Amino acid sequence: MKVFDLDMIQRVYERYPARIAAARKVVGRPLTLSEKILYAHLWEGEATTASERGKSYVDFAPDRVAMQDATAQMALLQFMQAGKKRVAVPSTVHADHLIQAKVGASKDLQDSLNQNNEVFNFLSSISNKYGIGFWKPGAGIIHQVVLENYAFPGGMMIGTDSHTVNAGGLGMVAIGVGGADAVDVMAGMAWELKFPKLIGVKLTGKLSGWTSAKDVILKVADILTVKGGTGAIVEYFGEGALSLSCTGKGTICNMGAEIGATTSTFGYDESMRRYLIATGRQEVVTAADAIAEHLTGDQEVYAEPEKYFDQLIEINLSELEPHINGPFTPDRGTPVSKMRAEATANGWPLQVEWGLIGSCTNSSYEDLARAASIVKQAVAQGITPKAEFGINPGSEQVRYTADRDGILADFEKMGTKVFTNACGPCIGQWAREGAEKQEKNTIVHSFNRNFSKRADGNPNTHAFVTSPEMVAALAIAGDLGFNPLTDTLTNDKGEQVKLEAPVGDELPTRGFAVEDNGYQAPAADGSHVEIAVAPDSQRLQLLENFPTWDGQNITGARLLIKAKGKCTTDHISMAGPWLRFRGHLDNISNNMLIGAENAFNGEANKVKNQLTGEYGEVPAVQRAYKAAGVPSIVVGDHNYGEGSSREHAAMEPRHLGVRAVLVKSFARIHETNLKKQGMLGLTFANEADYDKIQEDDTFDFIDLQAFAPDTQLTLQINHSNGQSEQIKVNHTYNASQIEWFRAGSALNLIKLMEA
Ligand code: MIC
Ligand code: SF4
């Protein structure tokens, strides 16, 4: 097969030396890999000034865009309005999120084609029209397909999914964004990002036994927590990095999304060469080798990293223990040897009911091979697995090859369900039998996220994240406290047997193979392609402009909800059953904030309607405010909007008339999404002011008319007892972002410019 977009990759590499030389000149010191990639992708071309990390807003020119079905609908509905004929950079759409996991791949895929026909047709024809490559349902999970086909060392891409960062495994700077950002790049405009801070992770030693690449990121997540990476690129280096496989590096970068990092990356090395060659991209290796010195950090940097990174972490792979993270949050790490005690102390059910292997994080050939080696031992030793098993291969290429090599057969001998090459249970597309009973239970998976209700909709499911081989061991044992390094299992003869450490080929020794990879190339000239959206469609809705700002201070705003604690995008715009409305803004708005905990009553989806005094569901109460022409605001806690890139979490409140979101802190993508959609995203200047907000408060902006960069705004809180107080709120809008707010959204502004 031909390498995709090889000419683009070669052009990027041709200009690398001059751009790095220019960057060295302005920065005046050795460069990290992250800086090299960023400076090589400046919109202005060769660097003329040094950017300040964590401060400067910089315009970039990413090399490509990737979108998945659940976010592409909104991205492309917006792109349609930008008035362009064709995308300006190579772009792809991947149908992976909308496919349910229920009985097994062939039936599930067919059911999903039947159910989502309208949306898949829309995506396929709009891709065809605008020159976008389309990966059909069943082709695989976006990030695995991108790693196998498109990622290249030293490249820069954006994708409408937070785990776009997975491509860091092939030495890219790959960043998750909302659809509106993707529209900018596809429309041939600059893409803006605050120049990130840099966190260095030095890996020493070498993995062995039960420890895998997953444990590196589970450990990093434990250290940095879900917000520790915010605004930063995590750059991995050191001898330990060289010993990791390329897909293992992908796993580590993938879960960088879970610590809020802008992205993560690794320098170009042998593992990447091996992977590129195995996936048919010798030409990329030849091109990369010619500029290899620029595709990794400078030696001086890695010799004295403390001088060049804003923060430094060191992990010795030889000492790293396998980890199990959870429940309910991916940063709660427990080494396997401590799990039994930890679970017992916290009342987490020890009995494991399901083991799931897959997701974009861990569905490579190596992942399946290593997990299969455990399963095989169990079968050979006569151990009956205690829990149920399901796997989602990452791509058709991985599935086909794993099937050919007998790996899937090993799983099937143990009664494993092989689901479609898709996200499946990872995004709540799991028809788990009995989940509606909401029983307290434990599952283990190799995914990246384990927020409450995420996999099966049951708030009492305790989901734990671990490596595929550990998932296999824990599911076979049916015991969360099982430590395969020390414990034995009883086989059907009553003997005590021990599982040996996993083994598995990094890459298939006989090479990858596939019959139909599921790719559909776009028409050379798509201008004749018609995009039809039925006016009465329940799944798709053409977008209308959000109203422009009238230039007045917002006054008399009601409090819609004061959310307490974790409020991820899953809480703001739930996935699972709601995925079907991702192309229909009005319909999906009925899930707005239904998962958020109301600080005043501790309940979800029950807020006071200040107009009637009665309690109602969040979307209904907001619709009542909208109908009455009453503005409202949302108040939230720390790291508000953590998790996904879904811009629905910003568009829904905008559509329903919320005017401002005021929180202690934001997750990066969500903050940008709010700005892009013309919403006011603000943070408390004094965090403790969060406590001042009462259920019956109204709010007046005092100086919004003077909205300007680097200037605080003043908000007057009017309490129901007649007292008022003023607080300061911060924002991070620069001058052009304020224009988005004025215009009503970034898209409105593009349209104005086009007209
Ligand atoms: C996720 O893992 O939450 C998703 C579904 O892939 C999202 C994107 C989405 O909401 O569609 C993400 O991570 O960005
Ligand atoms: Fe799909 Fe899960 Fe990966 Fe998101 S995290 S892209 S839902 S597999």
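An open sheet is built from 4 strands, ordered β10-β9-β8-β11, with parallel pairing. Here strands are DSSP runs of E with at least two residues, helices are runs of H or I with at least four, and both are numbered from the N terminus; two strands pair if DSSP finds at least two bridges between them. At the edges of this sheet are β10 (263–266) and β11 (311–316), each pairing on one side only. From one strand to the next, the twist averages 20 degrees, with angles running from 0 to 180 degrees between N-to-C directions of axes, which are lines fitted to C-alpha atoms (for helices, over the stretch in contact). This is a predicted model, where local features need pLDDT of at least 70 and side-chain atom pairs count only at pLDDT 80 or more, while totals for chains, interfaces and linings use all residues; side-chain values use heavy atoms, leaving out hydrogens and water. Residues are numbered from 1 along each chain as its sequence is written, and chains are lettered from A and ligands numbered from 1 in the order in which they are written.

Valine 234 faces serine 264 of β10. Across β8 (197–204), β9 and β11 lies helix α7 (residues 213–224), which runs at about 140 degrees to β11. Most residues other than glycine have a negative phi, and most peptide bonds are trans. A cis peptide bond does turn up between glycine 326 and proline 327, with omega at about -5 degrees; proline 327 belongs to the loop between β12 (323–325) and β13 (333–335).

Another open sheet has 6 strands in the order β6-β5-β2-β3-β4-β21, and its pairing is mixed. Its edge strands, β6 (173–176) and β21 (519–520), each pair on one side only. Strand β5 (residues 156–160) runs parallel to β6, joined by 4 bridges, and methionine 156 has valine 173 in β6 as its bridge partner. Helix α4 (residues 105–130) packs on this sheet and touches β3 (91–94), β4 (133–135) and β21, where contact means heavy atoms within 4.5 Å. The direction of α4 makes about 155 degrees with that of β4.

As for ligand 2, the residues around it include His97, His143, Asp161, Cys423 and Arg454, counting a residue if one of its heavy atoms lies within 4 Å. The shell divides into 4 nonpolar, 5 polar and 2 charged residues; Ala, Val, Leu, Ile, Met, Phe, Trp, Tyr, Cys and Pro count as nonpolar, Asp, Glu, Lys and Arg as charged, and the others, Gly among them, as polar.
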